[in-house]
Amino acid sequence: MIEIALENTYIQSLIIGLILVVVYFKLSRRAKLNEPPLAYYQFPFIGHTWSFLTNCQKLISESREKYGETFSLYVYGQIITVVGKESTYEVLTKHQEFGFKEQLPTNHILNHDISKNHRLIRDFITGKLKYLLSRLQKNIIKAIDIYIGDCAEPRVIHEPSKIISDIIAIPIASIIVGEDCCNHEDLLETFKSVTSSISKFFLVPPILSFKYPWLYQKFVTIPLRFGWSPISKYRKIVISRIKSVVEKRLNDKKRLGDAWVAPLDALQCYLDDPEITPNLDPNNVNYDYIADAIADFIFAALGTTNFSATRTFFDLVKRKQQYWQELYQEAREINKQCNGYELTSDDISKMVKLDSFIKESLRIAKAIIRLPHKCISKPYYTFTNGYQIPYGRVVYLNVVDTHHDEELQGQNPTEFYAYRHDSPATKVERKYLVFGLGKHACPGRSLAVNEMKMLLHNLILKYDIKSETINPIRGSMVFENRKEEFVN
Ligand code: HEM
């Protein structure tokens, strides 16, 4: 008995000793690095997690003031580093040293190659956007008619943000699955809900994802291993809607050969991949891959554009007194010049004031820290300012530090002033991080900004819009046809 007890004590001491050695080595390795200051926190284990979740803005601005532009926080049981305007550029452009950290591990749900899909989206959007503008425009006008319509009598809209989302979904669907499919009500609904289905699935406390990514993955993927997926309903609807279209396209392509004119949409890009459609055999198409790649496309394109368009629209209504008349004059002039015909890309680039308004609205948006990146430089990375961080450290960008900086943004940087910009909303640059920067900068930004411009241009021309509350985000809006005539 005594022997067993002694043996247990010996094993316990050995384990404690080993832990101490590991901790010592970890600490001594870290001690050698010139790490950014770790902001003070009161409670061990909890660290800054609570304030990070509940009042991130205060936490970041106080820490920034106290410790300078680069500092570390203890969040979810892990040290993270936050960088300000000086080091942001380094993180976004040094691709050998920093990798983009996906906020949600969508690869567990979606059965496709994410980087291949992002390449495809990039090539498709940058190569074909000018041919897509006409379709986007037609569908925006159609969607405005469906969801707002004729307002000869003032019409109260109780959920304006939902209306904007509904409108945005149609043109985006038209460039993903094409004109034949994009009008099906069930398809549009599943497109609108897939982003939130995926996001909700990962609502497990991300504490695990930081400290024990492996355990987090095992934990969140338990339902998947039992055959349940948050997007199975989405897959079913998408496949049922695209199947006949795909079959027709493959048969036509086989039959007509070079004389066949390929439709211009993302679906066709997937069909052009021989791995997805071996031998153009309609019975052998990898539909699961296509449906999942489309879900990833929607994940990147729809939520972001919706959020930004809604925000800009609310800003427009909120700042009506100051900007509406001027923006209306610009829209009217452009509309007169194109004489009611479709807007060309030249016409859209003449919307200089609207573009600047959109840019300002996106700049001033309340994103505080964003775009987490992981340090992949071994064994550590040294910033130009001398601070060092170890391999594996997650680095967040303090976007506000750039977006609210007087030197970069001009006078009164925290205030909304639409005409402060001297470059278009799509331009990625050091002082404007809405679309990221460098190799991974958002490839869909021209599509998103053009879509927002076309939407707002048409709304400004067509309606007089009033908010029923001081804060338009919370209340209903009244839409009424504009009294002045315009050609459309
Ligand atoms: C206003 C709307 C949008 C915003 C604010 C936005 C923002 C962003 C940001 C911040 C990034 C990360 C950039 C980086 O790591 O440096 C990104 C990446 C990406 N965005 Fe967008 N985006 C928008 C619309 C779109 C649209 C419409 C599409 C598709 C047509 C799209 C497709 C993508 C893709 C594929 C990536 C990944 C790029 C890569 O990994 O190389 N985005 N976006």
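Modeller: Two strands pair if DSSP finds at least two bridges between them. Helices (H or I, at least four residues) and strands (E, at least two) are DSSP runs, numbered from the N terminus. This is a predicted model, in which local features need pLDDT of at least 70, side-chain atom pairs count only at pLDDT 80 or more, and totals for chains, interfaces and linings use all residues. Residues are numbered from 1 along each chain as its sequence is written.

Colleague: Which residue is the bridge partner of Lys-374 in β8?

Modeller: Val-394 is the partner of Lys-374. Strands β5 (residues 369-375) and β8 (residues 394-398) run antiparallel and are joined by 4 bridges.

Colleague: In what order do the strands of that open sheet come?

Modeller: The order is β1-β2-β8-β5-β3, 5 strands with mixed pairing. At the edges are β1 (70-75) and β3 (98-100), each of which pairs on one side only. From one strand to the next, the twist averages 35 degrees.

Colleague: Which helix lies across β1, β2, β5 and β8?

Modeller: That is α3 (residues 56-67), which runs at about 140 degrees to β1. Axes are lines fitted to C-alpha atoms, for helices over the stretch in contact, and angles run from 0 to 180 degrees between N-to-C directions.

Colleague: Let us turn to the ligand. Which residues come nearest?

Modeller: Of the 24 residues around the ligand, the nearest are Ala-301, Thr-304, Gly-436, Cys-442 and Gly-444. A residue counts as near if its C-beta atom, placed from the backbone, lies within 6 Å of the molecule. Two or more residues of the shell come from each of α5 (114-147), α13 (287-318) and α19 (445-462).

Colleague: And which element gives the most?

Modeller: Helix α13 does, with 5 residues. By class, the shell has 15 nonpolar, 8 polar and 1 charged residues. Here Ala, Val, Leu, Ile, Met, Phe, Trp, Tyr, Cys and Pro count as nonpolar, Asp, Glu, Lys and Arg as charged, and the others, Gly among them, as polar.

Colleague: At what angle do α14 and α16 pack?

Modeller: Helix α14 (residues 320-337) and helix α16 (residues 352-364) pack at about 135 degrees, and their axes are 8 Å apart. That makes α14 oblique to α16, since angles under 35 degrees count as roughly parallel, over 145 as roughly antiparallel, 65 to 115 as roughly perpendicular and the rest as oblique.

Methods: Two residues are in contact if their C-beta atoms, placed from the backbone, lie within 7 Å.
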